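Me: I would like to go through the labels used for this model and ask what each one rests on. Please set the values against the cut-offs.

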Amino acid sequence: MRSLTDRERQVLSLLADGPSNRTMARKLGITERTVKAHLTNLMRKLGIESRLEAALISNLHGADMLHKRDHP
């Protein structure tokens, strides 16, 4: 599994509460289209196929995933 970027982890963390892409975009100060791109990338990296699976992963791993940094 490839490492998630900081922004992908932020999107994944927000997803746990079930907000719309629009709501996440507003909270992060980015466009809805960018949120969709981050969701697509993180789901591919995690090997999952649905937003529900991503939300479950976020709930299971919580703050731990937000503190991990990508290393070259």
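This is a predicted model: local features need pLDDT of at least 70, side-chain atom pairs count only at pLDDT 80 or more; totals for chains, interfaces and linings use all residues.

Me: What makes H2 and H3 count as being in contact?
Reply: Contact means heavy atoms within 4.5 Å. Asn21, Arg22, Met24 and Ala25 in H2 meet Glu32, Val35, Lys36 and Leu39 in H3. The residues of this contact divide into four nonpolar, one polar and three charged, where Ala, Val, Leu, Ile, Met, Phe, Trp, Tyr, Cys and Pro count as nonpolar, Asp, Glu, Lys and Arg as charged, and the others, Gly among them, as polar.

Me: Why are H2 and H3 called roughly perpendicular?
Reply: The axes of helix H2 (residues 21-28) and helix H3 (residues 32-46) cross at roughly 105 degrees and come within 8 Å. Axes are lines fitted to C-alpha atoms, for helices over the stretch in contact, and angles run from 0 to 180 degrees between N-to-C directions. Angles under 35 degrees count as roughly parallel, over 145 as roughly antiparallel, 65 to 115 as roughly perpendicular and the rest as oblique. H2 and H3 are therefore roughly perpendicular to each other.

Me: What is the corresponding description for H1 and H3?
Reply: The axes of helix H1 (residues 6-15) and H3 cross at roughly 95 degrees and come within 9 Å, so H1 and H3 are roughly perpendicular to each other. On the H1 side, Arg7, Glu8, Val11, Leu12 and Leu15 take part, meeting His38, Leu39, Asn41, Leu42, Lys45 and Leu46 in H3. By class, this contact has six nonpolar, two polar and three charged residues.

Me: Why is Asn21 called buried?
Reply: Buried means under 20% relative accessible area, exposed over 50%, partly exposed in between (1.4 Å probe, protein chains only). Asn21 has a relative accessible area of 13%, so Asn21 is buried. Not counting residues up to four places away in sequence, Asn21 touches Glu32, Val35, Lys36, Leu39 and Arg51.

Me: How do you know that the buried residues of H2 line one face?
Reply: The buried residues in H2 are Asn21, Met24, Ala25 and Leu28. Seen down the axis of H2, they fall within an arc of 100 degrees, so they line one face of the helix; the arc is that of the directions from the helix axis to the C-beta atoms. Arg26 and Lys27 are exposed, on the face of H2 turned away from its buried side.

Me: Which labels do Leu52 and Leu56 receive, and why?
Reply: Leu52, found in helix H4 (residues 51-67), has 58% relative accessibility and so counts as exposed. Leu56, also found in helix H4, has a relative accessible area of 46% and is therefore partly exposed.

Me: What makes a stretch a helix here, and how many are there?
Reply: Helices (H or I, at least four residues) and strands (E, at least two) are DSSP runs, numbered from the N terminus. The protein chain has four helices and zero strands.

Definitions and conventions:
Residues are numbered from 1 along each chain as its sequence is written. Side-chain values use heavy atoms; hydrogens and water are left out.
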